[in-house]
Amino acid sequence: LGDRFDPRYVWASTVAGFGVGVWLLAAPTTPFALGAFPVFLGFGFGGGMGCMMTVLSNYYGPRAFPRVAGVAVAATAAIGSLSPVVVGTIYDAIGGYGAAFRVFALWCAAGAVLMILVRQPRPAVG
């Protein structure tokens with residue numbers, strides 16, 4: 001898909017797909033939700049990893065890619081490592097995981113919209 005479409009749009013769709021999967025996971029009360037959430041989560045997670053590296057490479061070039069990718073992966077891991085604490089706090093406060101999963105799904109939706117809106121940086125002149 002990245003050869004046919006701008007990889008940031010593909011990345012935005014994978015993040016949105018991940019958000020759909022998390023939303024379905026919040027309350028899987030139908031057979032559709034039980035069957036669909038792992039498909040959306042898998043598409044979102046797997047596609048997102050590949051797209052992130054492609055977009056970073058396209059935006060910043062091969063010389064800066066190792067540094068930019070290192071910062072991006074470190075930031076993703078650091079923020080992701082906080083999610084169990086946040087989800088546990090929400091669970092303790094309200095007695096369920098649904099609200100926390102919906103918050104994360106909305107976070108994914110916001111990220112997908114922002115990825116569509118962001119433009120490729122222009123190289124510095126000079």
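Visitor: Which helix gives the most to the lining of the largest pocket?
Guide: Quick note first: this is a predicted model, where local features need pLDDT of at least 70, side-chain atom pairs count only at pLDDT 80 or more, and totals for chains, interfaces and linings use all residues. Residues are numbered from 1 along each chain as its sequence is written, and side-chain values use heavy atoms, with hydrogens and water left out. With 21 residues in the lining, the one giving the most is H2.

Visitor: How much space lies in that largest pocket?
Guide: A pocket here is an open set of points on a 1 Å grid over the protein atoms alone, where a 1.4 Å probe fits and protein lies on both sides within 12 Å along at least five of seven lines. Points are joined across faces, edges and corners, and the volume is the space filled by probe spheres set on them. For the largest pocket that comes to about 1,400 Å³.

Visitor: How many residues of its lining are nonpolar?
Guide: Lining residues have an atom within 4 Å of a point, and there are 37 of them, with Val15, Thr76, Ile79, Trp107 and Cys108 nearest the centre. Ala, Val, Leu, Ile, Met, Phe, Trp, Tyr, Cys and Pro count as nonpolar, Asp, Glu, Lys and Arg as charged, and the others, Gly among them, as polar. Seven of the lining residues are polar and one is charged, and the nonpolar ones number 29.

Visitor: What pattern does the protein chain follow along the sequence?
Guide: The chain has three helices and zero strands. Its C-alpha trace spans about 55 × 30 × 20 Å along the principal axes. Read along the sequence, the pattern is α-α-α.

Visitor: Is Arg8 buried or exposed?
Guide: Arg8 is in a salt bridge with Asp6, the closest N and O atoms being 3.1 Å apart; the term needs a side-chain nitrogen of Lys or Arg within 4 Å of a carboxyl oxygen of Asp or Glu. Asp6 is partly exposed at 30% relative accessibility, where buried means under 20% relative accessible area, exposed over 50% and partly exposed in between (1.4 Å probe, protein chains only). Arg8 has 7%, so the word for Arg8 is buried.

Visitor: How far apart are the C-alpha atoms of Met49 and Tyr97?
Guide: Met49 sits in H2, while Tyr97 is in the loop between H2 and H3. Tyr97 is 9.0 Å from Ala27, C-alpha to C-alpha, though they are 70 residues apart in sequence. Met49 and Tyr97 are 48 residues apart along the chain, and their C-alpha atoms are separated by 25 Å.

Conventions
Helices (H or I, at least four residues) and strands (E, at least two) are DSSP runs, numbered from the N terminus.
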